[in-house]
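Subject: Structure handover

Hello,

Here is the structure for you to look over. My notes on what turned up follow below.

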Amino acid sequence: MRLEPYLFFNGRCDEAIEFYKRAAGAEVQMVMRYKQCPDPSAKFAPEMMDKVMHASLRVGGSVLMLSDGHCDRKANFAGFSLSLSVSSDAEADRVFAALSEGGKVGMPLSKTFFSSRFGMLTDRFGVGWMVLVQA
């Protein structure tokens, strides 16, 4: 059993994919656009055809799934954060800086009783992140 987050970006999924590739080293496993839907009975508005129906990214040993959803409301990522564990202080510094670009730092990276580096941020899409060095 695995728990894999599925995030809906309501029209900004392509931008998010490129951002997470650069910021977190995400590797694209697959991207399916609405126009590639294998169900011939599925009908979508013309403006949706090039939007992302489903995407899957590998971030380290985890999978992050994404979609543009229906593009009918603002993305809302309240009530949770993604926790990203890295192996070194240098990697924490790099990833934290990259993810916080265009976003907001909630707690700067610092030494804590449980990690040599821990910090919290909200990225440019409104997704909450906690970055820490594994003990």
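How much accessible surface does the protein chain have, and what share belongs to carbon and sulfur atoms? The surface comes to about 7,800 Å², and 55% of that belongs to carbon and sulfur atoms. Please keep in mind that this is a predicted model.

**Overall layout**

The protein chain has two helices and eight strands. Read from the N terminus, the order is β-α-β-β-β-β-α-β-β-β. Its C-alpha atoms fill a box of roughly 55 × 30 × 25 Å along the principal axes. The chain has 135 residues, and 37% of them count as buried. Take the contacts between residues at least 6 apart in sequence: 56% of these join residues at least 24 apart.

Four strands form an open sheet in the order 5-8-7-6, and the pairing is mixed. Strand 5 (82-86) and strand 6 (104-110) are the edges; each has a single partner strand, so one side of each has no neighbour in the sheet. On average, neighbouring strands here are turned by 15° against each other, direction ignored.

Strand 5 and strand 8 (residues 128-133) run parallel and are joined by five bridges. Serine 83 sits opposite methionine 130 of strand 8. Helix 2 (residues 89-100) packs on this sheet. Helix 2 touches strand 5, strand 6, strand 7 (118-122) and strand 8. The direction of helix 2 makes about 170° with that of strand 6.

**Helix 1**

Helix 1 covers residues 13-24. Glycine 25 follows helix 1 and has a positive phi, near 70°.

The buried residues of helix 1 are Cys13, Ala16, Ile17, Phe19, Tyr20, Ala23 and Ala24. An α-helix has 3.6 residues a turn, so residues three or four places apart point the same way. What covers these buried residues includes strand 2 (27-33), strand 3, strand 4 (62-67), strand 5, helix 2 and strand 8.

**Aromatic residues**

There are 12 aromatic pairs in the structure. One of them joins phenylalanine 19 and phenylalanine 125. Their ring centres are 5.6 Å apart and their planes stand at 70°, so this pair is edge-to-face. The pair links distant parts of the chain. Phenylalanine 19 lies in helix 1, while phenylalanine 125 lies in the loop between strand 7 and strand 8, 106 residues apart.

Are these two buried or exposed? Phenylalanine 19 has 2% relative accessibility, so it counts as buried. Phenylalanine 125 is buried too, with a relative accessible area of 8%. Both residues belong to one aromatic cluster, made up of Phe9, Phe19, Tyr20, Phe77, Phe80, Phe125 and Trp129.

**Serine 56**

Serine 56 is in strand 3 (residues 52-59). Its relative accessible area is 8%, so serine 56 is buried. Leaving aside residues up to four places away in sequence, serine 56 touches Glu27, Val28, Gln29, Met30, Val63, Leu64 and Met65.

Best wishes

Notes
Residues numbered from 1 in each chain as written. Predicted model: local features only at pLDDT ≥ 70, side-chain atom pairs only at ≥ 80, totals over all residues. Heavy atoms only, no water. Pairing = 2+ DSSP bridges. Axes fitted to C-alpha atoms, helices over the stretch in contact; angles between N-to-C directions. Contact = heavy atoms within 4.5 Å. Phe/Tyr/Trp six-rings, centres within 6.5 Å; stacked < 30°, edge-to-face > 60°. Buried < 20%, exposed > 50% of the residue type's maximum accessible area, 1.4 Å probe, protein only. Areas by Shrake-Rupley, 256 points an atom, 1.4 Å probe, with all protein chains shown as cover.
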